[in-house]
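Good morning, and thank you for joining this group meeting.

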Amino acid sequence: MSPTPPDRLARWLCHPHFFKVVLLLALVISAPTVAIGFYADDYVLLSYLAGRIPGSPPWYDLYNFFDGDALKLQANLVSGFPWWTDPGLKLHLVRPLASALFTLEHAVFGHAPLGYHLVSIALYVALVAAAGRLFLRVLPGATGALALFLFAVCDNHLHPVGWIACQHLLLAALPAVLGLLAYLRYREEGWRPGRYLGPLGLGVGLLGGEAALGGAAYWIAYQLAGPVPPGRAAGLRARAAAALPALGLLVYFAAYKAVGGGAANTGGYVDPLASPLRFAAAAAERLPVLLGDALVTMPADLTSALPSGPFVAVGLAAVAGLALLYRACLPAIPERERAALRWLVPGALLALVTSLGGFPGSRLLLLPSLGIAPLLAVVILRGLRQGPSPGRAPWPRRAGAGFLAAVHVAIAPLLFLAATASSADIARKLEGVARTAELGAPPRERAFIAAASDPMVTIYPQAILGLASPDALPCWSALSMARASHRLTRTGPSSFTLEPLGRTMLTGAFETLYRAPSAPIPRGYQVTQCGATIRVAEVEDGKPSRLEVDLGAPLEDPGLALLSWRDGRLRRMALPAIGEAVELPWSPGPIGLL
C-alpha cells in the first residue's frame with residue numbers, strides 16, 4: 001500500500017539533512033533583504049552618531065528617542081519634531097547591546113548598509129538554528145522539523161532581519177532562546193552548566209532589548225506547565241517554587257526605571273508599569289490583531305492606516321477556528337506533543353502580552369512565534385491525516401489543516417519575499433523624497449510641509465538631508481499629518497490658515513506617536529517652531545481642526561520653502577494671494593496607505 005501524502009510529508013521532514021536544508025532556506029529567504037539598505041529609523045540612529053540632532057544620546061543608548069526633558073524637547077523642535085509634540089513626551093528604550101552593535105557597525109561599515117544587513121542575516125540564521133534545536137528537543141521528529149520550517153519562513157520575521165534598527169529583536173531573542181535550551185538541558189539531563197547559562201542567556205538578551213522578556217515568558221511557562229523530570233516533585237507548590245527565580249526580573253525592571261527607561265505621553269507605546277489601565281485597554285485591541293497576523297497572516301502593520309475593528313474580528317475568528325481544529329485533532333495528538341504545547345502555547349501568549357506595549361506591528365511576533373510555530377505544526381500534521389474510522393468524515397478537520405498549510409507553508413515564504421521587495425521600494429522612495437524635495441538653492445533656512453500624512457515624507461527626509469550635508473536644512477516643520485485633503489487660506493503677507501477637510505488632526509498612528517490621545521490640545525494652544533508661530537484656532541474633541549500659522553517673514557522669502565506632497569514629491573506650493581485659498585489634495589506617500 002503506497003504511503004499517503006501526509007505520510008510522505010512526514011518522511012521528508014524526517015530526512016537527516018532537513019535541518020541543514022532549512023538553515024540554507026533561512027539564508028536564501030533573508031538574503032534579498034540587503035536590497036532594503038537603510039530604512040526609516042536607521043537614519044535617526046545614524047544622525048545620532050553623527051551628532052546631527054541636538055542633544056543626541058550617547059553611543060550606548062541610541063534608542064533614547066525622547067527622555068521627557070521639556071527644555072531639551074523645545075530645543076529639538078528645530079529638528080523635525082512635530083509642533084504638537086507633548087512637552088512631557090518620553091520614549092526611552094534601554095537597549096545597550098543593540099546600541100553598541102549599531103555603533104560598532106557604523107565604525108566598521110560607515111554609511112554602507114550591506115555590512116549591517118549581513119550581520120542581521122547571520123543573527124537570523126543563528127536564531128533559526130537555536131529555535132530548531134529547541135523544537136527537535138521537545139517535539140517528535142516530523143513535527144519539530146515542520147515547526148522549524150514554519151519559523152524560518154514566517155513572513156512576520158521580515159522586519160527583525162531586514163530593518164537594521166530592529167536588530168535589537170534578534171539580539172534579544174537569540175541569547176534568550178540559547179539560554180532556554182541550556183536550562184532545559186539542566187532540568188531534563190542534569191547538565192550543570194545550564195543552571196547558569198540559562199539565566200545568563202536571558203540577561204544578555206535583556207541587554208539587547210525588552211523583547212527578551214518573551215524568553216522569560218517561556219521559562220516561566222515551562223516551570224509551571226512543562227514536563228517534570230524524574231525525581232522532581234510535580235505538585236503545584238513545587239512548580240511555583242521552581243518559578244520563583246522569575247522574581248529576579250524585578251531587578252531588571254528596577255534597573256530599567258533607574259536609568260530613565262520607559263514611555264510616557266505617547267500614543268504608540270504604552271508603559272505597562274507606568275500606565276497599567278491604559279496598557280490593559282491597548283492590549284484588548286492589540287492582542288487579537290497580532291494573533292490574527294500570526295495565525296492567518298492578517299498584517300498587523302496595516303492598523304497604522306486602517307481601522308483596527310476588522311483586524312480584531314479576524315483575530316478572534318482565527319483563534320476560535322484554531323481552537324476547534326485543535327480539539328478535532330486532539331485524539332490523534334501523541335502525549336509528547338501535548339506535553340510540549342502545554343508550556344509552549346502559554347509561553348507564546350505570555351510573550352505576546354509582554355510585547356503589547358510596543359508600537360503595533362508584525363515585528364513583535366518574533367519570540368511569540370517560538371510557541372506558535374509548534375502549535376501550527378501539530379494541527380497541520382495531525383489534521384491532514386485520515387480519520388481512524390472511514391465512516392466519519394474528517395473533511396472539516398482536513399480542510400482547516402490544509403488551509404493553515406497553504407498559508408504558512410506555501411504563502412508565507414512568498415509574503416516574506418514580497419514584504420522584502422515592498423520595504424526595499426519604500427526605502428528607495430524615501431531617499432527619492434529627500435533627494436527631489438523642492439527646497440530651492442541656498443540660502444534656505446526653513447522648510448514647512450503644509451500637508452503630508454506619510455512619515456516617510458514628514459519625519460525622515462530631514463535626517464537624510466542632514467547626513468548628506470550638515471548645513472543642508474537648519475529647520476524642518478510638518479504642519480499637518482492628517483490623512484485628508486487640506487485647505488490653505490492666505491490671511492496676510494506671512495500668515496495663513498490650514499485645515500484638514502472632513503476630519504481633524506491627530507487621529508493617525510504616527511500623529512499620536514508624539515502626543516497621546518489622552519492629552520487633548522485646547523483652542524488657543526500656541527507653539528513657536530522654526531521661527532513660525534503656530535496657533536490652534538479650532539478644535540473638535542481635543543483635536544485641532546484649524547491652524548493659524550505666521551511664518552514671521554513673507555511667504556515669498558527665498559529662505560522659506562512651503563511644501564506640500566503632490567505627485568510623489570515634496571513640491572513648492574503655488575502661493576495664493578491674500579484672502580484667497582488653495583486646496584491641497586491628499587495623495588498616498590511611499591508606504592502606500594498613508
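Let me start with a definition: angles under 35 degrees count as roughly parallel, over 145 as roughly antiparallel, 65 to 115 as roughly perpendicular, and the rest as oblique. Please keep in mind that this is a predicted model.

Helix 5, residues 96–109, packs against helix 6, residues 113–138, at an angle of about 135 degrees, and their axes are 9 Å apart. Helix 5 and helix 6 are therefore oblique to each other. On the helix 5 side, the contact includes Leu 101, Phe 102 and Phe 109; on the helix 6 side, Tyr 116, Val 119 and Leu 123 are among the residues involved. By class, this contact has six nonpolar, two polar and one charged residues.

Strand 11 and strand 12 run antiparallel and are joined by four bridges.

Finally, how many salt bridges does a search of the whole structure find? The search finds 16. In one of them, Glu 188 meets Arg 137 at 3.4 Å, N to O. Glu 188 lies in helix 9 and Arg 137 in helix 6, so this pair ties together parts that are 51 residues apart in sequence. Another salt bridge joins Glu 337 and Arg 382, with the closest N and O atoms 2.5 Å apart. Glu 337 belongs to helix 16 and Arg 382 to helix 17, and both residues are buried.

Note on methods
Residues numbered from 1 in each chain as written. Predicted model: local features only at pLDDT ≥ 70, side-chain atom pairs only at ≥ 80, totals over all residues. Heavy atoms only, no water. Axes fitted to C-alpha atoms, helices over the stretch in contact; angles between N-to-C directions. Helix = DSSP H or I, 4+ residues; strand = E, 2+ residues; numbered from the N terminus. Contact = heavy atoms within 4.5 Å. Nonpolar A, V, L, I, M, F, W, Y, C, P; charged D, E, K, R; others polar. Pairing = 2+ DSSP bridges. Salt bridge = Lys/Arg side-chain N within 4 Å of Asp/Glu carboxyl O. Buried < 20%, exposed > 50% of the residue type's maximum accessible area, 1.4 Å probe, protein only.
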